[in-house]
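Here is a short briefing on one protein chain. Look over the fold first, then go through the points below.

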Amino acid sequence: MMVLVVVLTVFCSQVCSALLSVSGLYGDTVALPCDGSSYRDTPEERKIIQWETADRRVLEFNRGQIHTYPGFENGAELSRERIRDGDFSLILHNVMFSNEDIYECRFVNDESNRKFLGDVKLTVLGHEDNIRLSCGDPLSVPLRTQQAVELWFRPEGGESRRLCSVLDSTVTPDSSRLKAWVQDQVLKISSVRAEDGGTYTVQDSQGNPISTVHITVGARSEVLTLRSEDNLTLPLHTAAPVEVLFDPAGSAQSPRVLLSSAGLPGPGYEQRVLVQDGPLTLRSLTPADQGNYTVRDLQGNTISTVSLTVTVGEMRSVSWVGIILVITAAVAVLMSAGLGAVVCKKWLKMREERSMIPVACNNINIRKENEFL
């Protein structure tokens, strides 16, 4: 019995310790190490290297020729340069969950004896990211595959539900609210809401998580400048009941209720507030509407804030500037015309004086002729 324990201990120390663990992210390239330094000096035309799992062949390097087996075409290779240095590592491209297994490396000598060199356990992991967005921002979830997948969503403290399925870049949503499309293997969702915070998971057909994105949706903050009589549009960024408060600029009073949690306009805003298809509209702004607007949920969490400035007479001032420019141009034209008239008059006078010189000379000559006679 003691001899058996010793034999098993020695066997396990030589075999079990050879098992290496390698992990790689879904879609990445990984290298499974195999030390073949003992056969570095073996000529290439005599080298035979085999990689396999318990139930399938993966790759064989046979006297300079590399052959890959079904399921690993264009996805497995050995480096010839590394083989010459005694490195028999197997390189796997675009690894998937189906590639998880224990891979064995063997060398075949001239007597066709298969020498075990080591084994490697491959674990494939899904990608995981943490992203912070503001209400209204678009959301991008990497698919990392062209195979059929599903997108699942689990809100904070809630249960998971399927949002859509994707096949060949075609999105089939489970909800009419979801507006999503695929671009460059990335699922894009437009305009997240306050309740969209949580975990998004892309799963393959076996339910393995390819990509997981943890989303935190925070309050959105904007600064706007509008003219008097314009309309203010406030996106609510949620389908749940909200309240909208208005804090006038420079006022020490409590904020006014622009929209109550029941969805009704606050006192004094009955004719000016309209909520339709999501956003809230405050019509016909006046300088009294300057200040801060806050959209918050029924738990008091801020969804968005808008700091508004209302300008008055901007168009009128622009008109006066235009009038002044027109008047200035007109004066310049008149002055130019007047100056031109003076110049023209002087020029005509000089021409007239020049034309009278020959006439005067003729008169003198005639007078002299008469005196001679």
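Strands here are DSSP runs of E at least two residues long, numbered from the N terminus. Two strands pair if DSSP finds at least two bridges between them. With that in place, the hairpin of β8 and β9 reads simply: five residues lie between the two strands, and S112 in the turn has a positive phi of about 65 degrees.

The model is predicted. The chain holds 26 strands and three helices. Of its 373 residues, 31% are buried. Contacts between residues at least 6 apart in sequence were sorted by separation, and 57% of them join residues at least 24 apart.

- β8 covers residues 101-108, and β3 covers residues 48-52.
- These two strands pair in the antiparallel sense over four bridges.
- Q50 stands opposite R106 of β8.
- β8 also runs antiparallel to β9 (residues 114-125), and eight bridges join the two.
- C105 has G118 in β9 as its bridge partner.

**The six-stranded sheet**

- This open sheet has the strand order β10-β18-β17-β12-β13-β14, with mixed pairing.
- β10 (127-134) and β14 are the edge strands, and each pairs on one side only.
- From one strand to the next, the twist averages 20 degrees.
- β10 and β18 (residues 209-218) run parallel and are joined by eight bridges.
- H127 finds its bridge partner in β18, at S211.

**The three-stranded sheet**

- A second open sheet to look at has the order β11-β16-β15, and its pairing is antiparallel.
- β11 (139-142) and β15 (180-183) each have a single partner strand, so one side of each is left without a neighbour in the sheet.
- The twist in this sheet averages 25 degrees from one strand to the next.
- Four bridges link β15 with β16 (residues 186-189) in the antiparallel sense.
- A180 stands opposite I189 in β16.

- Where does R177 lie in the chain? R177 sits in the loop between β14 (170-173) and β15.
- Beyond neighbours within four places in sequence, R177 is in contact with S191, V192, R193 and D196.
- L163 is 14 residues from R177 in sequence, and the two lie 9.9 Å apart in space, C-alpha to C-alpha.
- The largest pocket has 14 lining residues, and R177, K179, S190, S191 and R193 are the ones nearest its centre.
- The space in the largest pocket comes to about 290 Å³.
- Which classes of residue make up the lining of the largest pocket? The lining has five nonpolar, five polar and four charged residues.
- Rolling a probe the size of a water molecule over the atoms shows where empty space is left.

- β25 (residues 291-297) pairs with β21 (residues 242-248) in the antiparallel sense, over seven bridges.
- E243 stands opposite R296 in β25.
- β25 also pairs with β26 in the antiparallel sense, over six bridges.
- G291 has L308 in β26 as its bridge partner.
- β25 and β26 form a hairpin with four residues between the strands.
- In that hairpin, G300 takes a positive phi near 90 degrees.

**S304**

- S304 belongs to β26 (residues 302-311).
- Is S304 buried or exposed? S304 has a relative accessible area of 7% and is buried, because buried means under 20%.
- Leaving out residues up to four places away in sequence, S304 touches A219, R220, P235, H237, Y293, T294 and V295.
- Y293, T294 and V295 in that list fall within the residue range of β25, 291-297.

How values were computed. Residues are numbered from 1 along each chain as its sequence is written. This is a predicted model: local features need pLDDT of at least 70, side-chain atom pairs count only at pLDDT 80 or more; totals for chains, interfaces and linings use all residues. Side-chain values use heavy atoms; hydrogens and water are left out. Axes are lines fitted to C-alpha atoms, for helices over the stretch in contact, and angles run from 0 to 180 degrees between N-to-C directions. On a 1 Å grid over the protein atoms alone, a cavity is a set of points where a 1.4 Å probe fits but cannot get out, and a pocket is an open set with protein on both sides within 12 Å along at least five of seven lines; lining residues have an atom within 4 Å of a point. Grid points are joined across faces, edges and corners, and a volume is the space filled by probe spheres set on the points. Ala, Val, Leu, Ile, Met, Phe, Trp, Tyr, Cys and Pro count as nonpolar, Asp, Glu, Lys and Arg as charged, and the others, Gly among them, as polar. Contact means heavy atoms within 4.5 Å. Buried means under 20% relative accessible area, exposed over 50%, partly exposed in between (1.4 Å probe, protein chains only).
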